[in-house]
Amino acid sequence: MAIHWYPGHMHKASKEMTELLPLINVVIEVIDARLPYSSSNPLIAQLAEDKPNIKILTKADLADAATTELWQRWFEQQHNALTLAVNLKGEEPGAAIIELINTLYPQREGRNTLVLVSGIPNVGKSTLINSLAGRQIAKTGNEPAITKGQQRINLRNGIMLLDTPGILWPKIDHPAWSYRLASSGAIKDTAMSYDDVAFFAAEYLLEHYPEPLRQRFELQQLPATPVALLEQIGAQRGCLRAGGRVDLERVSTIFINELRAGQIGQISFETPEMIAADLVEVEQFKQEIIAKQQQREQLKAEKRRRTRANRR
Ligand SMILES: Nc1nc2c(ncn2[C@@H]2O[C@H](COP(=O)(O)OP(=O)(O)OP(=O)(O)O)[C@@H](O)[C@H]2O)c(=O)[nH]1
Ligand SMILES: [Mg+2]
């Protein structure tokens, strides 16, 4: 299942950001510490290419700290960006971020530094802005697409922030990246299927985080397959249909919500090494598509040749 969710307001927001670009002095991209690569929008990377660039890895409290460190080094080396990992629920990183902005872009007399705050839906952009402003000025909420239009926030210290709606992009190249986005809560409920996403997450956790799984769900032994794991949790939590069969949709929703809330543990959904392997696969998918297109073209040409030969 590939997840596509690119409603009109995201298209509009992407266009507006591109148009405003010449006025923007610093780009802050807010990414999710649990999935720093999959939550980094290629359009924003492109917009930020020639601008002073800060990557804020939010929800660091939900991610594996050692993996977050690896990602920070990765972004510093690969994208020449300054990075900061934060827990916006427990920390007030405002002063540290303002210092980064001032270092990257020393303020000009009498003019505001315009800072674009961008990123995928539900990653914490508005929460970050409230922390920088020191007051609840931007609307926040634990679901994607809370912010629907741009909003300027004057910090009255020479910095003007631009809060933007969370944006995704029209085509996500690897199915695992879509699943990780869906697991994190960046995709609207109606654009995904909880059981598909739960199967993906269960398979990943069985392989990479068996111990936190065992402890959370008090399992003596871990089942071998994602379906067996979800069925066992479903039976334990009373998610049963008539006849005693486990209601997979219900248990999947519980499983994903607990994962998102950090109740299974501090879990990172990807490492730089996994992304390197994904990128090789993306290249293979692209080659396969090209090969199929060429095959179709050859078949068409052959058909035309035969039709011409029959006419003679
Ligand atoms: N645990 C945890 N939760 C966070 C953190 N940062 C933000 N959140 C929560 O994530 C949810 C989304 O935050 P918002 O600030 O509304 O996200 P946004 O990026 O502005 O979302 P959209 O406007 O919908 O694109 C809220 O429930 C926040 O409380 C963090 O560092 N840790
Ligand atoms: Mg917002």
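1. A residue is called buried when its relative accessible area is under 20%, exposed when it is over 50%, and partly exposed in between (1.4 Å probe, protein chains only). By that rule Trp-74 is buried, because its relative accessible area is 17%. Of the 312 residues in the chain, buried ones make up 47%.

2. Some ground rules apply to this note. The model is predicted, with local features needing a pLDDT of at least 70 and side-chain atom pairs counting only at pLDDT 80 or more, while totals for chains, interfaces and linings use all residues. Residues are numbered from 1 along each chain as its sequence is written, chains are lettered from A and ligands numbered from 1 in the order in which they are written, and side-chain values use heavy atoms, with hydrogens and water left out.

3. The overall layout comes next. The chain has eleven helices and six strands; these are DSSP runs numbered from the N terminus, with helices being H or I of at least four residues and strands E of at least two. Along its principal axes, the C-alpha trace spans about 75 × 70 × 35 Å.

4. Two annotated spans come from UniProt, whose positions are given here in the numbering used for this chain; feature names are shortened, and annotations may be inferred rather than shown by experiment. An unreviewed entry lists "domain: CP-type G" at residues 14-170. The end C-alpha atoms of residues 14-170 are 11 Å apart, and the span is 31% helix and 21% strand. The unreviewed entry also places a "coiled-coil region" at residues 282-312. For residues 282-312 the end C-alpha atoms lie 46 Å apart, with 97% helix and 0% strand.

5. Ser-126 counts as buried at 7% relative accessibility, and Thr-147 counts as buried at 14%.

6. Ligand 1 has 23 residues around it, of which Leu-88, Lys-125, Thr-127, Ile-146 and Thr-147 come nearest; a residue is near a molecule if one of its heavy atoms lies within 4 Å of it. An oxygen atom of ligand 1 lies 2.9 Å from a backbone N or O atom of Gly-124. Ser-126 also has a side-chain N or O atom 2.9 Å from an oxygen atom of ligand 1. For Ile-146, a polar backbone atom is 2.7 Å from an oxygen atom of the ligand. Such polar contacts are pairs of N or O atoms within 3.5 Å; within protein, one must be able to donate a hydrogen and the other to accept it, and residues adjacent in sequence count only if both atoms are side-chain atoms. On its own ligand 1 has 660 Å² of accessible area, and the protein covers 93% of that; the areas come from the Shrake-Rupley method with a 1.4 Å probe, and for residues only the protein chains shown count as cover.

7. Rings of Phe, Tyr and Trp (its six-membered ring) pair if their centres lie within 6.5 Å; planes under 30 degrees apart count as stacked, over 60 as edge-to-face and the rest as tilted. The count comes to eight aromatic pairs. Tyr-37 and Trp-74 form an edge-to-face pair, 5.8 Å centre to centre with 80° between the planes. Tyr-37 is in the loop between strand S1 (26-32) and helix H2 (42-48) and Trp-74 in helix H3 (residues 65-79), so the pair ties together parts that are 37 residues apart in sequence. Tyr-37 counts as partly exposed at 22% relative accessibility.

8. Trp-71 and Phe-75 form a tilted pair, 6.0 Å centre to centre with 40° between the planes. They are separated by about one helical turn because they are four residues apart in helix H3. Trp-71 is buried at 0% relative accessibility, and Phe-75 is buried at 1%. Ring pairs link Tyr-37, Trp-71, Trp-74, Phe-75 and Trp-177 into a cluster.

9. Most residues other than glycine have a negative phi. Lys-59, not a glycine, has a positive phi of about 60°. Lys-59 sits in the loop between strand S2 (53-58) and H3 and counts as buried at 19% relative accessibility. Glu-218, also not a glycine, has a positive phi of about 45°. Glu-218 is in the loop between helix H8 (210-216) and helix H9 (226-236) and counts as exposed at 70% relative accessibility.
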